[in-house]
Amino acid sequence: MALAGRAALRWGARLPSPGPAAAPLCRPAWLPAACGRPYSSRGKEEIDMSTYPVESIRNFSIIAHVDHGKSTLADRLLEITGTISKTDHNKQVLDKLQVERERGITVKAQSASLFYNHEGINYLLSLIDTPGHVDFSYEVSRSLSACQGVILVVDANEGIQAQTVANFYLAFEAQLSIIPVINKIDLKNADPERVEKQIEKLFDIPTDECIRISAKQGTNVEKVLQKVIEKIPPPQCNTADPLKALVFDSTFDHYRGVVANIALFGGEIAKGHKIVSAHTKKRYEVNEVGILTPNEQPTHKLYAGQVGYLIAGMKEVTEAQIGDTLFLYKQPVEPLPGFKSVKPMVFAGMYPVDQTEYNNLKSALERLTLNDSSVTVHRDSSLALGAGWRLGFLGLLHMEVFNQRLEQEYNMSVILTAPTVPYKAVLSSAKLIKEYGKDQITIINPAQFPDKLSVSEYLEPIVLGTIVTPHEYIGKIITLCQDRRAVQKDLLYIDENRVMLKYLFPLNEIVVDFYDALKSLSSGYARDKAYAAGKLLCEHLKETIPRQLFEIAIQAAIGKKIIARETLKPYRKNVVAKCYGGDITRRMKLLRRQAEGKRLMRKIGNVEVPRDAFIRVLKRETDK
Amino acid sequence: MHWPGDAPPGNGVARDEGMAVPHTPRARSGPTAASAAPTATSTRTWCRRWTRRPCAPAWCGRHRPCSASARCTGACAGWAQGGCWALPCPPAASHPLPHSVTSVFFGGGTPSLASPGTVAAVLEAVAGAAHLPAGAEVTLEANPSSASASVLDGFRAAGVNRLSIGVQSLDDAELRMLGREHTAAEARKAVEAARGLFPGRTSIDLLFGLPGQSRDAWAQRLEATLRLCDDHISLYQLTLERGTALAAQVRAGALPAPPQDLLADMYHTARNVLGAAGFRHYEVSNFARKGALSTHNLSYWRAEQYIGVGPGAHGRFVLRAEGGCSREARVQTPEPVAWMREVQSQGHGTRSRAVLSPLEQLEELLTLGLRTDEGITHERWGHFSPQLNLQAVFGEPGEARALQQEGWLVLDSGGLRCTWAGLAVLDSLLPALLWQLQRVLGAARCPPRGAPAEERAGGGARGL
């Protein structure tokens, strides 16, 4: 069973009437990258890119559900074309971040140019690896817009999954050629025939077009390359046209600034060219261009249809936003369609575990966001947690990955509050409209949620979710979706026992339940849920905070109304029974540790709370 | 080997102190030494510490600059039935011997299984090496199953003048649960015999908070105890030590774990009942009337000097004889066989020595001193911290001040001590107080804790 959201985010109306609520929302790109690219390629002989005319170029991507073998197939393709040498170590070569390898996910699109001779012609094949997760679907869509075709990888055992469907439609809507590949046929339970039938039924692709491969063992991978050349058309563009380059990814290099990954839709680009960003209107001089193999390899020029990188003195990743178009100074072109600005959809508070760490965390955040412009940062403070920030992420995975990178790359341990989604409020109070200077505001912090008396309408983000499930669960899933206020859009049997469902979900309902408390402000609807959530939080806190010398009341409140309460009884006896000369050494050791712990306790009023209490409580909330 | 009648290591209530025999001889004469040595015990609690009390001037160099006369001699004794040796040790000027010894305690395991001759020999050795006043407290731990009137009489003749009897409970079912070998009737008989021989100087140990024990049952035990006891009672809340049979049964759910509130109720009930019967609650777990406090144990809580002899025994003292002026923490080799071997080959069983930093000394004083009703007097604190007095450390705004305002702690002309309510939750107060102490001392630029190296006492080290 799997769930996938699609880029079709929009604001849905919540209060009284549905309203004209279709302001489309995008999921902007996310640009991490401390993935140090070695400069070893510099010494190599420069490749003359003019020997690869448009007709011999194929730009393609591999799309798949998580863990269906996308990165492994990419490794094999790189090996076959001699891009990387064939060793046992080639595991997810394109996944450079530690988190990517640990989690087996791709969060960062990587590209590689492959040289392949087919029937006497040298081809330049540019593989654009894409992130596999729904959080990054904007990045996927931009990567796809640089391609003319995709390899759709499906696991021969698991069959079509939610992400397969979501990605297929992204490629289909972009009118790309699709090469279906059934991977992992070496597995014991592989059932490629069943998967072929699913593909035929769902995507209308004849069963005989599917290529059965084992990326792990290399079976039939060569055939995939041949299909890429035969089925995927070359890009339709001309070197004689003025320069038009799409930025489909970017990374940050501490020494050279921003490295932008680009696809040329027209013209050519070389060192010394003066270029302009269509989005920022800023002008730059090109310092270096080249191709990715997958490490950077400088070339003299890049020509229409080709994919490579560009360094042009951009200082921040925000200057090379994904989807932006670059053109030559004084030769403006119509920007490529589909560009959207960064819009985080999940917000959470981030606080240092120890307030003395505030400045260290601040500098770590600054450095990490330098690589990841899709994270937004606002200063915030909380009574319980001290000074911190409210961060915006593309999704929950993005948030987790960001947090993990803070820990792994900057050795930072933080308190992350329960994630929330942004809300919009259409204001009715003249006073507030004057205060904000507009009648519609976006709220990213629950503490700033305006009262319903001064609001005519609240809006919340809506997401289209795809669910693929064995049919026996269908009843339970429909009930669950209804409980989550989801609206069914589609229900289809993809084979005898698998069902695909599509629902429009309020994003909040699938992100976290935290907003129950706020909803109850605007309507009585969620009261019961708020009570239950409040009770649960209180119970968790009660288990997490140690007994102290006085009674502690743990209360959950919505505004001023207390909706749940737990009592933590005080210690009435806490003293070791026997203490004579012999055991004092061991005893002192324990007491010193506890004294040391005092330093790390958060004091809220006179209640001492272990530093991880909030984390533990919040984690349990998310685990739910 | 187990001492016959010794509490099995698994019953969860074994006392964790090392023994005590004063320092072991360097030059050893006679083959009996090895042969009579206790061969092995499975616990390291078969011996217990023996204290020397500093005569005040010797303790404080400011009053009498280092006394070179501090002497001690010792003997090593095992409680082994029938076997015993005691070797006089020629007092050597280089040995860190005390000037006088104020109390001796034979404890850990079941010293009452030893022959009175062993005890007599040890005491003789002590008296031969240092001044042992005639009235010095000499305590022996005894189990009811090995405390017949005739045995006890033998110990009295050997020089023992105070008895501590491990009654544990006056209920047969509870005793069985605890894995004790004696019955309630035997316990009664032993206490009565002891009271006859050591009137006013017989102490009994009692446990509460046993799995399944009710408030009423505990109240009844207390009443029964008051009818039986002499002038000193030690009341211990049962600690379920990991690895013991009882703890395993509780964890497996075969026996109920006593709820925290019930334990608190039992403790407070005991304090009230014993207080009404004229007992002074002079330490967390110790009650005495008619001034029958244990001099020996008080010396721990007052952070005085003591020498521990025997496997796993701990000691704390200042090595003046070596020209030292720092308080050292010493631990003897815990395994009995190894301990014996080291005593024979090196003349001592000291496994480690560590000089305690000023902060560490104050931490111990605080932790131990607050266990008593008198607390830490200004004078005692001044011994350890001549520069920063109690007021300077705990009188300023901070944790201690807050705890005083909340009614857990008192700092007045008598010193720093717990209130009646504070004593029951001392372990919740200590981390905050220690943290404040560390901070204040750190600010006063005292040398950091754990300063000088802890070394394995080698051949040249003095064995204590």
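Which residues of α1(A) are buried? They are A:Lys70, A:Ser71, A:Leu73, A:Ala74, A:Asp75, A:Arg76, A:Leu77, A:Leu78 and A:Glu79. Buried here means under 20% relative accessible area, exposed means over 50%, and partly exposed lies in between (1.4 Å probe, protein chains only).

This is a predicted model, in which local features need pLDDT of at least 70, side-chain atom pairs count only at pLDDT 80 or more, and totals for chains, interfaces and linings use all residues. Residues are numbered from 1 along each chain as its sequence is written, chains are lettered from A and ligands numbered from 1 in the order in which they are written, and side-chain values use heavy atoms, with hydrogens and water left out. The model scores ipTM 0.76 and pTM 0.53.

**Confidence**

- pLDDT is the predictor's confidence in each residue, from 0 to 100.
- Chain A has a mean pLDDT of 79, and 82% of its residues reach 70 or more.
- Within chain A, strand β2 (residues 24–25) has the lowest mean pLDDT of the elements, 30. Strand β7 (residues 177–183) of chain A has the highest, 96.
- Residues 5–43 of chain A stay under 50 in pLDDT. The model gives this stretch 145 contacts beyond four places in sequence; a contact means heavy atoms within 4.5 Å.
- Residues 513–527 of chain A are also below 50. Beyond near neighbours in sequence, that stretch has 38 contacts in the model.
- Chain B has a mean pLDDT of 76, with 74% of its residues at 70 or more.
- In chain B, pLDDT stays under 50 over residues 1–95. The model has 318 contacts beyond four places in sequence for them.
- Residues 446–464 of chain B stay under 50 too, with 54 contacts beyond four places in sequence.
- Where pLDDT is low, the predicted coordinates should not be read in detail.

**Chain A overall**

- Chain A has 15 helices and 31 strands. Helices (H or I, at least four residues) and strands (E, at least two) are DSSP runs, numbered from the N terminus.
- Of the 624 residues in chain A, 58% are buried.
- Among contacts in chain A with a separation of 6 or more, 71% join residues 24 or more positions apart.

**Helix α1 of chain A**

- Helix α1 spans residues 70–80 of chain A, and 9 of its 11 residues are buried, so the helix is largely enclosed by the rest of the structure.
- A:Gly82 follows α1(A) and has a positive phi, near 75 degrees.

**The interface of chain B and chain A**

- Chain B brings 50 residues to the contact, and chain A brings 29 residues.
- The area buried between the two chains is about 3,600 Å². Carbon and sulfur atoms give 55% of this area. Buried area is the accessible area (1.4 Å probe) that two parts lose on being put together, summed over both.
- The rule finds 6 salt bridges across the interface. A salt bridge is a side-chain nitrogen of Lys or Arg within 4 Å of a carboxyl oxygen of Asp or Glu.
- B:Glu363 and A:Arg592 meet in a salt bridge through their side chains, at 2.4 Å from N to O.
- On the side of chain B that touches chain A, the elements giving two or more residues include β5 (232–237), α9 (260–276), α12 (358–369) and α17 (426–443) of chain B.
- α17(B) gives the most to that side, with 10 residues.

**Single residues**

- A:Lys330 has a positive phi of about 70 degrees although it is not a glycine. A:Lys330 sits in the loop between β18 (325–328) and β19 (346–352) of chain A. Its relative accessibility is 67%, so A:Lys330 counts as exposed.
- B:Lys290 is not a glycine either, yet its phi is positive, about 55 degrees. B:Lys290 is in the loop between β7 (286–288) and α10 of chain B. At 72% relative accessibility, B:Lys290 counts as exposed.
- B:Ala121 lies in helix α3 (residues 116–129) of chain B. B:Ala121 counts as buried, at 18% relative accessibility.
- B:Ala121 and B:Ala158 are 37 residues apart in sequence and 8.3 Å apart in space, C-alpha to C-alpha.
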